Structures are given as structure tokens and as C-alpha cells.
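I opened my notebook to look up a few things in this structure, one entry at a time. Come along and check each one with me.

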Amino acid sequence: MFGAGGGTSSYAEIEETDLILLWGSNAREAHPIFFHHLLKGIDNGARMYAVDPRRTSSAKFADVWLGIEVGSDVALANAVGREIIAAGLTNEEFIAHSTQGFEEYRAAVEPYTLEMAEAEVGVPADAIREMAHAYATAESAQILWTLGITEHHNAVDNVLALCNLALLTGHIGRWGSGLVPLRGQNNVQGGGDMGALPNKFPGFQNIDDPEARKKFETVYGAELNPEPGLHLTLMFEAMERGDLRSVYVIGENPADSEADIQHARKLLSGLDLLVVQDIFLTRTAELADVVLPASVAWAESNGTVTSSERRVQRVRAAVPPPGEARDDIEILFALADRMGHGWGSPDPEALWNELCSLSPLHGGMTWQRLEDEGGLQWPCPDLDHPGSPFLHGWLWEDDLGGRPRAPFSALVHQGPHEALSEDFPLRLTTGRALDSYNTGVQSGGYDSPIRYGDALDVNPRDAERLALVDGERVLVSSPRGSVEMPIRIQPDLPVGLTFTTFHFPDLVDANVLTNDAWDKRSGTAEFKAAAIRIEKLASTDGATVG
Amino acid sequence: MADLHLTEARASASEAAAIDAAIGNETAVVVETERLVRGGTARRHALRHLLLPALHALQTESGWISPGGLNHIAEVLQVPPAEAYGVASFYEMFRVDDPPGHDDDVVHVCIDPACRIAGAEDRIAELEAAGTPVHRSPCLGQCERPPAVFIQGRRKANSVPADDQPFALPQAGDPALRLLRRVGVVDPTSLDSYREHGGYEALTAALAMGPDAVLTALTDAGLSGRGGAAFPTGVKWRAVRDASGADERPAQKRPIQKHVVANADESEPGTFKDRIVMEHDPFALIEAMTIAGVTTGATRGWVYIRGEYPQATARLENAIAEASAAGLLGDDVAGSGHAFHVEVRRGAGAYICGEETALFNSLEGFRGEPRNKPPYPTTNGLFDQPTAINNPETLLNVLPIVLDGPDAYRAAGTDGSPGTRLFCVSGDVAAPGLYEFPFGISLGELLGAAGGVTGGADPQAILLGGAAGMFVTAESLDLALTLEDTRAAGVTLGSGVVMVFGPQVDLADVCARIAEFFRNESCGQCVPCRVGAVRQHEMVVELGAKPISADQRQLHDDMVQVMADASICGLGHTAGSAIQSAFDLGLLGGSR
Amino acid sequence: MTDVANQPLETETTVTISVDGAEVSVAAGETILTACTKAGIDTPTICYGPTLTPVNACRVCVVELDGSRTLVPSCSRPAEDGMVVQTDSERVRHSRKMVLEFLGSGVDLSEADDLRAWSEQYGADPTRYGPAAERMNEDVKVQDDLYVRDYDKCVLCYKCVEACGDDAQHTFAISMAGRGFGARISTEFDVTLPESACVYCGNCVAVCPTNALQFKTEFDLRQAANWRPEDQSVTTTVCSYCGVGCNLELHTQDERIVKVTSPNDHSVTSGNLCIKGRFGWQYVHGDTDG
């Protein structure tokens with residue numbers, strides 16, 4: 001809604017902020033070193049409200065934990081917005097000067113009374129009011145989120161609902177205040193920055209913008225397609241329809257990581273051609289017609305990655321790649337060569353400097369500066385620019401930097417795509433554990449003393465009702481399939497909610513259960529909300545596993 | 001520390017109940033509903049000071065700090081178990097090993113010099129022969145009635161057998177007494193009795209005078225701290241009054257809170273003055289603290305009293321309750337509009353906690369390790385807030401200064417050391433006990449007042465100022481006991497200890513025990529003291545009564561110098577001084 | 001709408017002190033140690049760490065300050081205008097020598113290269129205390145595949161406790177326990193690390209000045225007499241896991257990663273990492289079951 005996609009704030013800012021809303025993020029485990037900065041903020045006196053269905057290890061640092069129903073984020077955010085308006089705590093000057101659509105927003109949130117929210121969200125109205133007032137009256141405040149917001153079928157609504165709160169209060173565009181999505185992978189920010197999005201060129205320039213297209217065509221020496229491509233979820237839909245018959249996968253393991261995994265595997269297996277370029281023979285690679293072994297980007301190659309605070313940093317080769325594995329860039333250059341395009345010799349520095357010449361956000365970030373200064377935060381438009389610790393300062397400029405006002409979004413609470421039912425009466429949500437990572441292909445390589453394996457966390461009262469003991473293996477089923485897995489009895493989640501990680505697909509295929517309902521705008525599936533049931537295994541003796 | 005990790009051990013129901021009761025059923029995490037939990041760092045920090053009371057409760061209930069009990073404390077206070085263990089294992093009175101026989105009371109018998117020369121080991125042998133396990137303890141603060149015994153109760157209150165004996169002050173009835181005038185006269189359990197003997201007249205006067213006049217009177221009177229460092233009290237209090245309490249950290253917006261702390265962790269071997277005053281005139285300390293509160297602007301008062309003083313603790317707690325009930329403590333002290341609340345906190349057996357910043361850490365629920373200074377307590381004291389910390393004897397002096405004025409106060413003592421001083425006379429004298437004399441009395445006169453050296457001979461040595469002080473010999477009997485004269489003589493009055501060793505005493509044994517005392521009582525934080533105290537003890541033990549070689553003497557000089565130059569706190573600075581003086585005087589290593 | 005702070009205000013005042021006769025100016029709030037460094041004077045430090053709150057426990061950095069009865073720890077004492085400091089006086093050299101000598105008399109400093117060099121420089125002679133001098137006498141603790149704790153090499157500098165605690169990780173798995181010479185770094189009741197709150201971030205190991213804490217990779221190579229710092233190189237890169245952007249220093253020997261650290265002056269990490277960044281590199285060498 002504000003333009004370029006990136007976290008608005010630097011990590012250093014949270015050390016000085018007054019109020020933290022940690023919403024759908026278990027940063028203590030998923031982003032541990034960011035959490036160090038957050039803890040400094042708390043030690044410096046910041047208060048923290050944690051909004052999460054589970055009382056995560058992050059939420060345990062909060063002054064108040066609001067254990068919301070899975071998928072009730074829009075209802076809560078709307079109620080917070082309504083309360084801020086009702087209590088007269090909006091930043092009227094900011095709203096008048098820097099935003100548009102306030103009246104529509106006010107009308108849209110009107111039904112979201114505290115009482116209505118209490119019923120939808122499951123936390124007492126007083127606590128919602130308290131959080132609304134704390135956020136609105138703080139001198140500076142940050143809202144942080146992760147996949148708890150974005151792995152929903154209405155992910156974009158969730159994000160916009162939080163943006164609304166920043167617009168109401170002016171907690172944006174200033175040191176210490178902002179909206180901070182924490183990135184889950186070391187270069188998910190950089191991938192987007194570099195144009196690995198279906199509708200963008202590098203630097204978030206639109207492919208349907210003729211001027212931008214001309215600029216790239218001139219440098220690339222080729223005509224570029226102005227039509228948006230497909231994002232991952234649309235690709236699977238296209239595979240399903242038979243429109244997409246060949247796929248080239250670089251550094252992704254969709255055969256383990258997609259929601260409703262059995263379906264995804266079937267589609268991948270049915271392709272005419274599947275090329276996988278990876279450092280491992282992943283489950284996806286096992287399905288491939290051609291596998292191109294790649295070097296490890298961060299330890300065997302040279303290049304850059306971009307972090308959650310938009311900091312571009314160098315990665316460097318420390319060891320040679322094994323066997324026939326080759327650098328990703330080298331592989332692409334060789335392919336181009338075979339296709340009859342001589343791109344010359346692969347040189348990450350030259351490629352980077354070309355990018356800087358094409359992306360205004362990166363205009364001043366030469367390879368040499370990255371070397372000398374150890375990393376720069378975009379936007380960094382020219383060589384004298386020091387980089388930008390935070391975004392959207394223009395909202396506070398008299399002329400808004402010549403931009404249109406930032407729009408409020410009128411949103412309706414929808415709830416999870418998959419309702420609970422008699423057959424599937426329990427809610428399942430998923431997340432990461434501290435010592436593991438995604439499908440475990442990397443983190444499986446070391447022996448962690450704190451690893452417990454994938455297990456289904458169950459509230460003690462649910463366990464008692466189902467006559468389950470800690471460590472017992474059970475059959476867990478969703479409308480899409482069933483897996484066997486052990487349970488962990490955990491008092492940190494409410495009755496009716498269950499949780500699992502998904503780090504050990506060889507042992508527990510947790511994504512068999514998850515829902516592939518997805519947001520048409522973001523392309524993200526609803527990993528965070530499936531409906532399941534738990535059944536005792538006939539032969540179980542309650543042996544502890546893990 | 002909010003994402004606590006606990007081992008599987010769980011508290012018994014009685015352990016949990018004892019702990020919960022001791023901390024007023026407070027919990028750092030409050031579960032309001034299944035989906036609403038309050039906790040957070042600020043709340044956790046605010047409860048941390050309850051750790052020491054919780055550990056006391058567990059020790060009393062279980063006879064040791066059991067893993068399950070520790071986990072319960074960790075959970076309710078949200079203190080990481082490793083930290084709670086680090087705190088528990090710091091103190092003599094807490095046992096963290098799984099002890100045999102922890103179902104019984106623990107009988108502590110003092111083995112420090114005054115008790116040592118009065119047959120402590122014989123007493124221990126008797127008790128052990130009778131089947132009572134004995135904990136050999138450092139000084140228990142009962143040096144006037146050796147050998148000292150203290151009983152740490154299991155599932156009952158701690159006690160001191162000697163407290164059952166009738167009390168008599170040697171100078172009882174002497175009209176010249178100032179600080180001790182009510183001791184042995186007033187009913188220490190009665191506010192009415194205290195008032196009948198002039199109690200709370202000073203507070204009335206102080207409120208009428210106002211803070212500035214009180215501060216001026218203290219400065220004019222020349223009152224200085226009686227704990228050993230002799231810092232001017234008026235200057236200290238004024239600094240607290242002037243402290244803004246502003247916190248520089250950006251997001252920190254705490255209201256200013258100032259504190260008055262009575263440092264009643266009297267643990268210097270040979271010292272027992274504060275115990276006697278607190279046992280027999282407890283309201284006086286509370287009144288003086290209240291004056292400190294209204295004068296400095298502090299609203300919280302704390303008495304940090306050593307854990308081995310059960311009677312003084314009980315009497316202070318009673319005094320606080322009575323004074324609160326009478327409106328002399330609380331939100332509106334004596335109708336003045338000033339708020340002042342006092343709490344008693346028990347130490348748990350650690351000499352180092354008499355060091356003021358170590359005391360703060362201990363009270364706050366951390367290991368009793370001293371902090372580096374600056375910053376000083378007047379700006380960054382208890383809970384990092386402005387704090388006036390004084391020894392009880394110092395505080396007692398405030399009452400006559402406020403009531404009678406600085407001129408009357410200065411009528412006793414010398415120009416450099418105005419007023420009177422409490423002397424803890426112990427060892428080989430006919431009438432050991434607590435004495436009050438104007439500064440300037442000679443050492444010989446003081447010993448005379450205490451009935452003279454047992455057996456009538458000259459003493460072999462006198463330990464002045466405690467284990468952290470120095471030995472002198474009969475050649476120093478003419479020494480005037482003032483700050484200026486002792487300083488000129490290169491010795492110290494310290495906490496007023498005068499411990500006399502008759503001709504028959506084995507001084508090598510006494511010195512070895514002093515060295516062992518510091519070895520045991522060093523907190524271990526800084527290298528010079530942690531290692532130096534051990535190496536010194538090893539040397540003194542190895543030397544015994546043998547003459548010292550030049551190399552050994554050089555090594556000892558080196559150790560004493562680094563401890564004095566580079567240690568963090570006064571314990572390290574003075575840990576070598578008594579032994580060094582013994583070498584200098586030829587009492588040890590000797591050719592005398 | 002223009003009165004908006006775009007950056008925290010930096011109002012920097014300086015103070016000037018004399019160090020060994022030379023005038024040195026540093027920012028207000030900086031320490032004597034900073035001033036000494038700025039004056040080009042090397043100061044030995046053990047418990048000091050640039051990312052840690054000073055505990056000033058080791059006392060090896062003491063200097064002589066005019067007007068102070070005792071020596072003062074340069075690492076924690078803020079510089080004040082007009083201070084006159086001596087860093088190489090007889091008293092200073094004496095205290096430094098004695099601190100190092102005391103440590104050498106009770107602790108295994110065989111892998112503490114800095115301490116050994118300073119001991120030589122200041123003439124510390126731990127043998128003066130004789131063979132009977134009490135030592136740490138601790139056995140090596142190997143309780144998992146990531147860490148080794150050899151407390152016979154521990155100088156009780158508190159750095160690991162601080163890194164585990166509120167200077168970085170806020171896990172508080174370890175604390176100083178006991179008192180005096182018997183004080184030890186310990187978990188509660190000395191339970192093993194896997195039983196404790198430890199999350200294996202390795203930030204304690206990273207700050208240890210004496211190798212009392214080691215990564216198992218280093219320990220194993222040392223046991224095999226194959227730890228060769230002279231043959232190692234260090235490459236700075238970015239962690240491959242989450243999107244925080246932690247810089248990693250990959251220490252490599254024989255084309256294999258043998259240790260991972262992070263630069264203290266990196267704004268993202270301040271030298272700290274998590275278990276994945278610190279240990280999750282084995283897959284680079286094909287050591288994976290994933």
C-alpha cells in the first residue's frame with residue numbers, strides 16, 4: 001500500500017521504541033537474532049503485546065499475551081481500530097494530511113465493537129481495549145509480524161488490517177515506529193527486490209510500465225513480455241489445468257513444502273519436464289528429469305543477499321563446491337550459452353553493478369561500497385546516499401514527496417477457510433522450531449541437543465479428553481489425508497488448538513494435513529489453519545517418540 | 001527469562017505453600033483466562049527482590065534448597081533456575097547439596113577469634129559427642145558471650161539459646177550514655193514505653209525543622225558513618241535529597257523512588273553493637289530511618305539484617321507494625337504528608353553483604369557481589385535508585401543531633417571526631433560487652449572500663465576494627481580512639497571492634513583463622529581477592545609458628561598490595577591488613 | 001508536519017583526559033580504556049568485551065588515577081574531564097602482574113594465548129605459590145556434540161554468563177554459583193547442558209577468553225593434534241537460514257568449515273548467533289540426513 005515491499009524499520013529502532021505489537025510471529029525461535037534487538041527494547045522499558053494463538057516462547061516475554069482464535073486477525077485489528085477512533089486517540093493531523101479513505105474505514109470497522117471482537121477473537125474485551133489504547137498513546141510503536149499473518153487465505157487483508165492501525169496513529173515513517181514483516185529466508189527480501197515476482201522488474205518496477213520495460217529491454221537487448229507471470233500457487237493451478245507442462249525449480253523443495261503435499265507431488269510428477277537446480281537431491285529433485293547440482297550460495301559462491309531491514313550484504317565463497325556442483329550464476333550462463341546467447345563469463349560484481357544501474361532503489365549501492373561499508377539499506381539512490389534506516393518518511397513531509405496519500409483499507413473478517421466440523425473438530429496450526437528450518441534439508445545436517453522432532457502439540461485438557469499420554473503416537477487426519485505422529489502435551493496453547501512443526505518430512509509428512517486454500521493476491525497458502533482430528537492408534541503402547 | 005526452562009523436579013505441596021506464603025502469593029505470570037496471560041519483564045523485575053525471602057522459606061521448610069522447590073520459586077517469580085541456584089549457593093545458610101539429615105535443625109557454632117579463644121572447639125566437641133551435627137560458622141555477632149551458638153530451625157523459627165538469658169548492659173544507668181541510654185531500660189516491644197523514654201520526639205522535631213535544617217544540623221554536628229569508612233552523613237543525605245533519579249535510558253520512564261537502607265548486616269568478626277541496639281531499642285532505629293526518609297525524600301525504608309539475628313529481627317518487625325499502626329509509618333507519617341514504609345529483609349550468611357552495593361544486590365535478589373563505584377549509592381543505589389544507606393549506629397546518632405542540636409552533640413568527642421562511639425569489647429577482658437564512650441578515650445582506659453585484661457597481665461595483642469582491621473600491642477594502650485589518631489597511627493576503628501588476646505593465646509592459630517575467614521567470605525568476583533585470600537591462607541597455614549623467609553614476606557607484601565590496590569571492594573582491600581600487621585609487629589612469622 | 005525526528009538525535013560532547021602525559025579526547029560516556037586505545041596504548045583485558053556490560057571482575061586492566069586511593073578498572077570507569085591517568089606505573093604493572101600470576105597459579109592457561117603473552121610481558125611467576133597451591137581441578141564436560149566445557153581453564157570472567165543472560169541471549173542457562181575460590185560457572189544443580197535451558201546459540205563460547213568453552217569441532221581437532229590456526233582462513237558471509245541477515249565468519253581449515261563466529265562490530269548480530277547460524281553448516285560438506 002505504501003509502494004516498495006519491505007520492512008519499514010531498522011532493527012536498531014526496536015531497541016528504542018516504546019511499544020511492540022508482536023502479531024503472528026514467534027521471532028524468539030524463527031528470528032533469534034532479531035529478537036535480541038527486541039529484548040534490548042524491552043530492557044530499555046518498551047512494553048510488548050503478543051498476539052498469537054499460542055503462548056509461544058516469544059509471547060512469554062510479553063506484558064500481555066492475547067491468545068486469539070486462529071484466523072481472527074482482521075476482526076481483532078478492526079476492533080482495535082474502532083476503539084482507537086471511538087476513544088478519540090487517532091492522530092487526526094496525520095490522517096488528514098497523509099492518508100485517504102478514512103471515512104470508509106471508519107464505516108467498515110463500525111460493526112467491530114469490543115464485544116463483537118471478544119466473541120470472534122476469544123480474548124476479553126478489556127484486553128483489546130487496553131492494547132488499542134497502549135498502541136495509540138505510545139510515543140513510538142512497531143507492529144511486527146511473520147507467517148502468522150501471511151500464511152492465511154486472506155493474507156493480504158491481514159497485512160492491510162495492520163497497516164490501517166499505523167495510519168490511524170501515525171506510527172509509520174518515523175524513527176522507532178513502523179511496520180515490520182520479518183522475512184523467513186535469508187534472501188526472500190532480495191528475491192523480491194531483484195524482480196523474482198511475477199509482475200515486477202528489479203527494484204519493484206512494474207513490468208506493465210512501458211518506460212521501465214524500455215529501460216530493461218535496452219540493457220538486456222531483448223524484448224520483454226509485459227504480461228505478469230505466475231506465482232507459485234498459480235503455477236500449481238496451471239499444472240492442474242495442464243497449461244503448465246515444464247517447470248525449472250531453483251533452490252526450492254515444493255514436493256515437501258507445499259500445503260496439501262500429496263496433491264502437489266502428483267502434479268510435479270505429471271509434468272513433461274521438471275528441472276531442479278539444488279544443492280541437495282531433495283524430494284523434488286528425485287521427481288526431476290534433469291538435476292543441476294548447485295554450489296551453496298552463502299559458502300561456496302559470491303553475491304549478495306538482502307535482509308528483513310532491507311540491508312544488502314555480500315555473501316562470499318569460503319570453500320570450493322563439491323564434485324560437479326556449480327555456482328547458480330555459472331549454470332544460468334552455461335544454459336544461455338547452450339541456447340545460443342553468449343553472456344560472457346559469469347561475474348557477480350558486473351551483474352550487481354548492472355542491477356544498480358537499472359534499479360533506482362539500488363542506484364548508489366555499488367559492489368565496492370558493499371565491500372567497504374559492509375552492507376547498505378535500500379533505498380540508496382546515489383553514491384553519496386548513506387542508505388535508509390526506515391521507509392515512508394515522506395508521509396510526514398509537507399508535500400508528501402509528491403506522492404498520493406496512503407490509503408486506508410476497508411476489510412471484512414472472514415475467518416479460516418476451513419471451518420471446524422464434527423469430523424475434524426480440532427484446529428491445526430504450524431510453525432518453526434528454534435533449531436530447525438523448513439523441510440530440514442539444511443538443518444538436518446547437525447546434531448542438535450534440543451531437537452525433539454515433529455510432534456503434535458496438544459492442550460492437556462484435549463489430551464485428557466482423548467485419553468492420550470505425552471509422547472503417544474496417534475493418527476492425525478485432515479480432509480486431505482492422514483499421518484502418524486507423536487503428541488506433546490503442551491499447556492501453552494488453548495483447548496481445541498494443536499500445533500506442529502514441519503521440519504522432518506521423512507518422519508512426519510505434516511504438510512499432508514495443511515490446507516492449500518490460498519490468497520489470490522499473495523500466492524500464499526493457509527498453512528496456519530487446517531481442521532483435523534486425532535485418533536488413537538490401535539496398537540499403541542504409548543511409547544515415547546522423539 | 002520469560003521462556004523459562006525447568007527440569008522435571010517439582011515442589012512438594014508443603015514446599016510450594018511455604019514459598020507462596022513467604023512472597024504473599026505474588027506470581028510474575030498471571031493467567032487471567034485461557035487466552036489472556038499477563039507477565040512481562042517489568043513485572044518480573046518488580047518481584048525479583050522476593051527471591052531471598054522465598055529461598056529462606058524453602059530452606060526452613062525442607063532443610064535445603066531442593067530442586068523441586070527451586071523450580072517452584074523460579075516459576076512463580078520467573079527467575080531463571082540457574083540464576084536462582086547461583087543466588088542460593090552464595091549463602092552460608094542455604095544448602096544446595098542433597099544433605100543427609102536435613103530433617104534436623106542446623107546448629108551453628110562460631111569459630112572466629114573471640115569464640116575460638118573462649119573454647120568454641122570444646123563446645124563443638126561436646127555437641128558432636130552428644131550426637132548433634134555442628135556447622136562451624138563465621139562470627140555470629142555474639143562475641144560478648146562466647147562461644148556463640150545459633151540454631152537454624154527446620155519448620156520453625158531460628159533461635160539463639162543465649163537470648164533466653166537476662167540481658168544487662170555493662171554501663172546501664174550511666175547518665176552520660178546517648179546512643180545506649182534506653183538500652184536495657186525501655187521495653188523494646190512497646191511503642192508506649194519507647195515514647196515514655198523520649199521516643200519520637202526527634203521525629204517531631206525533624207518535621208518541625210524541615211529537611212534543610214536537619215541536613216545542616218547533621219553537617220554542623222560532624223556526624224560521620226560508623227560502619228568503617230567514616231563518610232560525612234550530612235553530605236550523603238544531601239546528595240540523595242538532590243538526586244534527580246532521572247534515568248538516562250530512552251524508553252525508561254519510571255517515577256523517582258528513593259530509599260533509606262539500614263545496613264544491619266553486622267558481620268565483621270568482633271562486632272555485635274547493632275544487634276544489641278536493635279534487640280533492646282528497636283524503635284530508635286525505625287525513628288531514625290523515618291527522619292532519614294522525610295529528610296532525603298525517600299519513601300521506602302529497608303532494614304537488611306543478618307540472618308543470624310532472630311531476636312533483633314522479631315523486635316524490629318514488631319516495632320514496624322506498632323509504628324505503622326500508630327501512623328508513624330505509612331502513607332502519611334505522623335500527619336506530615338510524607339510517605340515512608342519500612343520492611344525488614346534477612347540476609348542468609350554472607351559477610352560480603354555488609355558491603356553496601358553487595359547488600360543492594362542481595363536485597364534485590366541477586367548474588368551478593370559488590371558493584372563497581374562510581375556510580376555511588378546516592379544516585380544509583382537500591383534498584384538503581386537514589387539511596388541513603390547507613391549503619392544503625394550512624395542512624396542512632398541522628399536522634400540526639402536533631403533533638404539537642406549540633407553544639408550539644410559536639411560537647412562530647414574531639415573536633416575531628418565529634419560525639420560518642422560504640423565499642424564492642426571482647427576476648428580476654430573481665431567484662432566483655434558493648435560500651436559507649438566519647439571519641440578520644442584511650443585504648444587503655446577502655447580496657448580498664450571493661451574490667452581489664454583477664455589475669456591482670458598486658459595483652460599479647462589487640463585486634464582493632466575487626467578482621468578487616470589491624471593488630472596492636474600493649475605499646476598502643478595510650479592510643480586515643482579517634483578517627484584522626486587511629487589514622488595517624490596507621491590503624492582503624494572500623495566497626496568499633498576491640499578484641500583482646502591474652503598472653504596464652506596462640507596467635508598463629510588466630511591469624512590462620514582470620515585468613516580462612518577471608519578465604520571463605522570472599523565473594524569470588526574479582527581475581528585479587530578471590531585468589532589472593534586463598535594464597536594468603538595457604539601461606540599462613542604453612543608458616544604456622546615458623547619464622548617467615550624474605551621471599552615469603554615479599555610474596556605476602558605483593559599479595560596484600562594487589563588486594564588493596566586492585567580489588568573491587570573493601571573486603572579485598574582489607575583482607576590482608578590484619579595478617580600484615582601481625583607480621584609487622586612480629587606476632588606472626590616471628591622473631592619477636 | 002515537519003517536526004519529525006528522522007533519526008535519533010546525536011548530541012555528542014567530548015571529554016579530555018591525560019593518559020601517560022598525553023591529552024586524549026573521547027565522547028562523553030566513553031571509558032578510560034577507550035581513551036587508552038585512542039592514545040595507542042595496548043591494555044590487557046580479560047573480562048571486558050566490546051559487546052558486553054563491563055563486570056570489571058578480572059582487574060587486569062587497572063590504571064592509576066590521580067586522586068583515587070585504589071587503582072581503577074579502565075574498562076568500566078567513564079572518562080571525566082581533567083582525569084590524569086597512568087597506565088604503566090610501578091603500581092599498575094604490579095597489579096597486572098599479580099592478577100596474571102594469581103590466575104596462572106590456579107587455572108590451566110595453556111590455550112589462553114593472550115593471557116600467556118601478557119603473563120610474560122608483566123613477569124608473572126605462578127610458581128611462587130608452590131605445587132600445593134589449590135587449583136580449579138575440574139574435569140572436562142562433554143555432554144553433547146556441539147560444546148565442550150573445560151572449567152579447569154576457566155578464569156571466572158563472567159563473559160559467558162553475560163552473553164547467555166541480559167547482554168544478549170536472555171536464556172540464563174548458566175550463572176556464577178558458589179562463592180569465593182569455589183565459585184564456578186554452573187547450571188542449576190550442575191545439571192547437564194541438554195537438561196538445562198541452554199539453546200546452543202554458542203554466544204558463550206564466542207566470548208570465552210581462555211578456551212574453557214570450545215566448540216566440539218575445535219576440541220576434536222585439538223584432540224587429534226590437528227587444530228592449526230596458522231592454516232585457517234576466515235571468510236565473512238551471510239547466514240543461510242532466516243531473513244535477519246546475520247554475518248557469519250567461516251573459519252576454514254583444509255577446505256572445511258571448522259568454526260563459525262560473527263563480527264562484534266556487525267550491527268545486526270553484535271557477534272551473536274543462534275544455533276542454526278552457529279552450527280547449521282554441516283550440510284555444506286554433505287553431512288546431512290535431510
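**Entry 1: where chain C meets chain B**

I began with the contact between chain C and chain B, which takes 50 residues from chain C and 52 residues from chain B. I kept in mind that this is a predicted model. The two chains bury about 4100 Å² between them, with 57% of that area on carbon and sulfur atoms.

Next I looked for charged partners. The count between chain C and chain B is 5 salt bridges. I looked at one pair, D558(B) and R128(C), which form a salt bridge with their closest N and O atoms 3.0 Å apart. I also looked up polar contacts, and the rule finds 27 residue pairs across the interface of chain C and chain B, both residues at pLDDT 80 or more.

Then I asked myself which elements of chain C supply at least two residues each to the side that touches chain B. Helix 2 (90-106) and strand 8 (175-177) of chain C both do. Helix 2 of chain C gives the largest share of that side, 11 residues. Sorted by class, the side of chain C that touches chain B has 25 nonpolar, 14 polar and 11 charged residues.

**Entry 2: one residue at the meeting point**

T70(C) sits in the loop between strand 3 (62-65) and strand 4 (72-73) of chain C. Is T70(C) buried or exposed? T70(C) has a relative accessible area of 14%, so I wrote it down as buried, the cut-off being under 20%. Leaving aside neighbours within four places in sequence, I found T70(C) in contact with A564(B), D565(B) and H573(B) of chain B, and with R91(C) of chain C.

**Entry 3: where chain C meets chain A**

I turned to the other partner of chain C that I wanted to look up. Here 59 residues of chain C are in contact with 67 residues of chain A. Chain C and chain A bury about 4800 Å² between them, and 63% of this is on carbon and sulfur atoms. How many salt bridges does the rule find across the interface of chain C and chain A? I noted 0. Polar contacts do turn up, with 23 residue pairs across the interface of chain C and chain A, both residues at pLDDT 80 or more.

On the side of chain C that touches chain A, strand 11 (233-238), strand 12 (247-253) and helix 7 (275-279) of chain C each supply at least two residues. By class, I listed 26 nonpolar, 25 polar and 8 charged residues on that side of chain C.

**Entry 4: a helix in chain B**

I checked the length of helix 14 (residues 310-325) of chain B. Its 16 residues should span 22 Å at 1.5 Å a residue, and its end C-alpha atoms are 23 Å apart, so the two values agree. I listed its buried residues, among them L316(B), A319(B), I320(B) and A323(B). A rule I find handy here is that an α-helix has 3.6 residues a turn, so residues three or four places apart point the same way.

What do the buried residues of helix 14 of chain B pack against? My list includes strand 5 (149-152), helix 12 (273-280), helix 13 (282-296) and strand 7 (300-305) of chain B. After helix 14 of chain B comes G327(B), with a positive phi near 75°.

Then I noted the exceptions I looked up.

- A cis peptide bond joins P146(B) and P147(B), with omega about -10°. P147(B) lies in the loop between strand 4 (134-137) and strand 5 of chain B.
- The peptide bond from K373(B) to P374(B) is cis too, with omega near 0°. P374(B) lies in the loop between helix 15 (356-364) and helix 16 (377-380) of chain B.
- D190(C) is not a glycine, yet its phi is positive, about 55°. D190(C) lies in the loop between strand 9 (184-186) and helix 5 (203-207) of chain C, and I put it down as partly exposed at 38% relative accessibility.
- N211(C) is not a glycine either and has a positive phi of about 70°. N211(C) is in the loop between helix 5 and strand 10 (213-215) of chain C, and it is buried, with a relative accessible area of 14%.

Key. Residues are numbered from 1 along each chain as its sequence is written. Chains are lettered from A and ligands numbered from 1 in the order in which they are written. This is a predicted model: local features need pLDDT of at least 70, side-chain atom pairs count only at pLDDT 80 or more; totals for chains, interfaces and linings use all residues. Side-chain values use heavy atoms; hydrogens and water are left out. Helices (H or I, at least four residues) and strands (E, at least two) are DSSP runs, numbered from the N terminus. Buried means under 20% relative accessible area, exposed over 50%, partly exposed in between (1.4 Å probe, protein chains only). Contact means heavy atoms within 4.5 Å. The expected span of a helix is 1.5 Å times one less than its number of residues. Buried area is the accessible area (1.4 Å probe) that two parts lose on being put together, summed over both. A salt bridge is a side-chain nitrogen of Lys or Arg within 4 Å of a carboxyl oxygen of Asp or Glu. A polar contact is a pair of N or O atoms within 3.5 Å; within protein, one must be able to donate a hydrogen and the other to accept it, and residues adjacent in sequence count only if both atoms are side-chain atoms. Ala, Val, Leu, Ile, Met, Phe, Trp, Tyr, Cys and Pro count as nonpolar, Asp, Glu, Lys and Arg as charged, and the others, Gly among them, as polar.
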